Every structure is written in C-alpha cells, then in structure tokens.
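Hi there,

Here is the structure I promised to pass on. My notes on its pockets follow below.

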Amino acid sequence: MANLKEIRNRIASVSSTMQITSAMKMVSAAKLKKAQDAITAMRPYSDKLTELLQGLSASLDGDAGSKFADNREVKKVLVVAITSNRGLCGAFNTNILKQCSTLLDRYADKQVDFMAIGKKANDILSKKNTVVSNHSDIYDNLTFDNAAGIAESLMRLFIEGEYDKIELVYNKFKNAATQLVMTEQFLPIQPMEDDKAAASDYIFEPSKPEIVEQLIPKSLKTQLFKAIRDSFASEHGARMTAMHKATDNATELRDQLKLTYNKARQAAITNEILEIVGGAEALNN
C-alpha cells in the first residue's frame, strides 16, 4: 500500500484535474447555448433553400446552371473534412477521421485529396494524404462571409475541372450528447427526384437562368456555412459531455483515494497503539 504522503499527493492532483474539467464543462455549456441557437435558427432557411435548388436543378435546360450540375466521370475527389482546432471533446474528431478513411476505401481507384477546416483534420490527414488547403482560422471569426470565401474556392476548383466531385464530412448537431457524422455531396448538385420535382411549380421572374445564376452560388455558400455551424455546435456539445464524464470520473477516483487514505491512516494509528501497548506490557513484565 502506498504511504500517506503519496496518497495525499494523488488526492491533490485529482482534485486539481477535477476543477479544470469542471471549469471546461461550464465554458463549453455557455458556448453551446449560443452555437445551438445559431444552427437551430439557420436550418429551416438552409433546408428550404437546398430543396428549392434541387427542384430547379431537376428542370434545368440548356446551359443554365450546368457548370454546377455537371455529372462528369469521377476521377478526382475532394473531401472537405470539418473538425475542431482543439481536442478534449471525446470521439468528435476521431469519428470524422474514420469517415475520411472510409471514403478513401470507397474511392480507392480514384485520386482523393482533402481540404481541412479545423486544425485536427489538417494535423492527421496531412501525414499520409494530400491536403490542398487548411482553413483552421475560420473559427476565430465564424461568419457567413468567411465561409463564403471557402465555398467560392470549392466552386472554382469544380468549375475549372480540378475535381469531379466534392464531398463534405462533418458532425451534425442533434443534442449535447449526440452528434451524427454526415457525408454530403457538395458538387455536383444533386437534382431532386422526379416525383418530388414534378410537385413543385414555380413562376420565374425575371427569368429562370438569371435566378439560377444567383441562387446556386448562394445556396452552396449557405450549405457549407450550415455544415461548419453544425460542427461548431457539435464540438461544444461533445466537449461539454466529455468534460462532464471526466469530472464524474475524477470525483469517483478522489473518493476512492480518500477512502484508501483513511484506511491507511487508521492502520498506521492502530499499529502505533499496538506498539505502545506492547511496550507497556514489556515494561510491566
């Protein structure tokens, strides 16, 4: 059994760790509320805009919007991996990296490159794969304009033929304890199913080509911004949950150490009493 000083040092260390994890949990909880409100408010607009875009793309004719809906032979794929800049958030980043590995297996006969949004994705993926760019600094100022700049670069890579397919991999926020790993096709645009498209009836003013020309880029920028927002909220939810579990585990370990300390202290006192009694008996004899 460890001596009393060693146990006291361990209790102090665990208590210090517990204070840190508890503070991180509260910080993440405060940030989560703001991030959750932002993604919850954005989803209806983004989903409706995507639905409208898919409906239009199903009825595109001529060259209207064809540059974004060009389903050419897939030879080169770009995967946009959205992770966090920091760790201590459970399996949040690991799940994204596992999904990236799955995509590498799926496109084993094709060239697969990555774009990293988040330091963790860049650090891991760059060791064995090609990372064309890293946008970890977006979390310093997460705005639509900053996300739009990344979306424009993705659209340019697709239009210029650098990549035939672009996919997003991110964590979708469900609640503080649950995040869903999503793989979404960013480009080319996927048209709506024929039966759903037929049910949609639109009147275009001034004209369909002009509307599509403005709507498609805006919809793609919104789709990327929503994915980053989802990931941002999921990160804080995952970190809050991880720090909550860490605090509970530290509390349990501290209680066990205190019990061990008390037992060791009682044993030491008992031994001292026995030594005193034994010495007294020896003197009497």
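α1 gives the most to the lining of the largest pocket, with 7 residues; helices (H or I, at least four residues) and strands (E, at least two) are DSSP runs, numbered from the N terminus. Please keep in mind that this is a predicted model, where local features need pLDDT of at least 70, side-chain atom pairs count only at pLDDT 80 or more, and totals for chains, interfaces and linings use all residues. Residues are numbered from 1 along each chain as its sequence is written, and side-chain values use heavy atoms, with hydrogens and water left out.

A pocket here is an open set of points on a 1 Å grid over the protein atoms alone, where a 1.4 Å probe fits, with protein on both sides within 12 Å along at least five of seven lines; lining residues have an atom within 4 Å of a point. Volume is the space filled by probe spheres set on the points, which are joined across faces, edges and corners.

The largest pocket holds about 400 Å³ of space. Its lining counts 20 residues, and Asp47, Thr50, Gln54, Glu184 and Gln223 lie nearest the centre. Two or more lining residues come from each of α1 (4-57), β4 (165-175), β5 (178-187) and α6 (208-284).

The second largest pocket has about 170 Å³. Among the residues that line it are Lys31, Lys34, Tyr139, Asp140, Arg229 and His236. α1 and α6 each supply at least two residues there, and α1 again gives the most, with 4.

Best wishes
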